[in-house]
Amino acid sequence: MATKPRDSLTYSEPIATGEVTIDTGPEQVYRLVSDPVAMSECTEELRKARWIRGATEARVGSWFAGSNRNGRRRWVTHAEIVEAEPGRRFAYRVRTPFFVPISRWEYDIVPEGDGSRLTVTNWLRVPPWFVPLAILITGEPDRAGTNQANIATTLQRVKARLEGREWHR
């Protein structure tokens with residue numbers, strides 16, 4: 001599939017990353033990570049996702065909306081899929097419904113033995129003027145630390161789900 005070029009990011013280095021080896025082939029891993037509706041069952045802050053703007057599947061240019069939660073705080077985001085290479089790579093950029101950029105998420109999948117290695121990388125794209133509002137909205141002053149912890153939790157849930165083991169949110 002086509003890939004949109006990475007736009008200029010607010011920060012040149014990722015704020016959070018993580019990886020896990022999964023005893024499942026790259027196609028099955030991709031099928032889960034490229035489905036935001038299914039992934040919302042495995043993630044910590046993203047609690048629900050739905051396709052928007054006529055999208056029904058992961059393709060470059062497709063959009064989905066995310067309902068997010070941190071404790072009692074709730075907020076909505078919109079995300080555009082910018083890379084969709086089945087079995088290899090999935091990426092999207094997130095913004096507020098009123099067009100303020102928030103982040104970019106990338107999922108890289110490589111075959112490893114009889115399974116796969118999944119790497120998740122997150123970049124912050126929030127403009128400096130929006131940071132205090134983001135903290136107010138999400139209740140989270142340490143976005144890098146939170147995303148690092150959330151990625152680790154999500155990866156363990158993805159691994160358990162794909163390997164057919166019981167897991168709980």
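**Close-up views of aromatic rings and a buried threonine**

A search of the whole structure, which is a predicted model, finds 8 aromatic pairs.

**View 1. The edge-to-face pair of Trp-51 and Phe-64.** The ring centres of Trp-51 and Phe-64 are 6.1 Å apart, and their planes stand at 80 degrees to each other. Trp-51 belongs to strand E2 (residues 46-52) and Phe-64 to strand E3 (residues 63-70), so the pair ties together parts that lie 13 residues apart in sequence. Phe-64 is buried, with a relative accessible area of 4%.

**View 2. The tilted pair of Phe-90 and Tyr-92.** Here the distance from centre to centre is 5.8 Å, with 55 degrees between the planes of Phe-90 and Tyr-92. Phe-90 counts as buried at 1% relative accessibility, and Tyr-92 likewise counts as buried, at 10%.

**View 3. A cluster of rings that includes Tyr-30 and Tyr-107.**

**View 4. Arg-53 and the ring of Trp-63.** The charged end of Arg-53 sits over the ring of Trp-63, at a distance of 4.0 Å from the ring centre.

View 5. The side chain of Thr-121 is joined to that of Thr-17 by a polar contact of 3.5 Å. When neighbours within four places in sequence are left aside, Thr-121 is in contact with Pro-14, Ala-16 and Thr-17, as well as with Arg-104, Trp-105 and Glu-106.

Terms used
Residues are numbered from 1 along each chain as its sequence is written. This is a predicted model: local features need pLDDT of at least 70, side-chain atom pairs count only at pLDDT 80 or more; totals for chains, interfaces and linings use all residues. Side-chain values use heavy atoms; hydrogens and water are left out. Rings of Phe, Tyr and Trp (its six-membered ring) pair if their centres lie within 6.5 Å; planes under 30 degrees apart count as stacked, over 60 as edge-to-face and the rest as tilted. Helices (H or I, at least four residues) and strands (E, at least two) are DSSP runs, numbered from the N terminus. Buried means under 20% relative accessible area, exposed over 50%, partly exposed in between (1.4 Å probe, protein chains only). A charge sits over a ring if NZ of Lys or CZ of Arg is within 6 Å of the ring centre and within 35 degrees of the ring normal. A polar contact is a pair of N or O atoms within 3.5 Å; within protein, one must be able to donate a hydrogen and the other to accept it, and residues adjacent in sequence count only if both atoms are side-chain atoms. Contact means heavy atoms within 4.5 Å.
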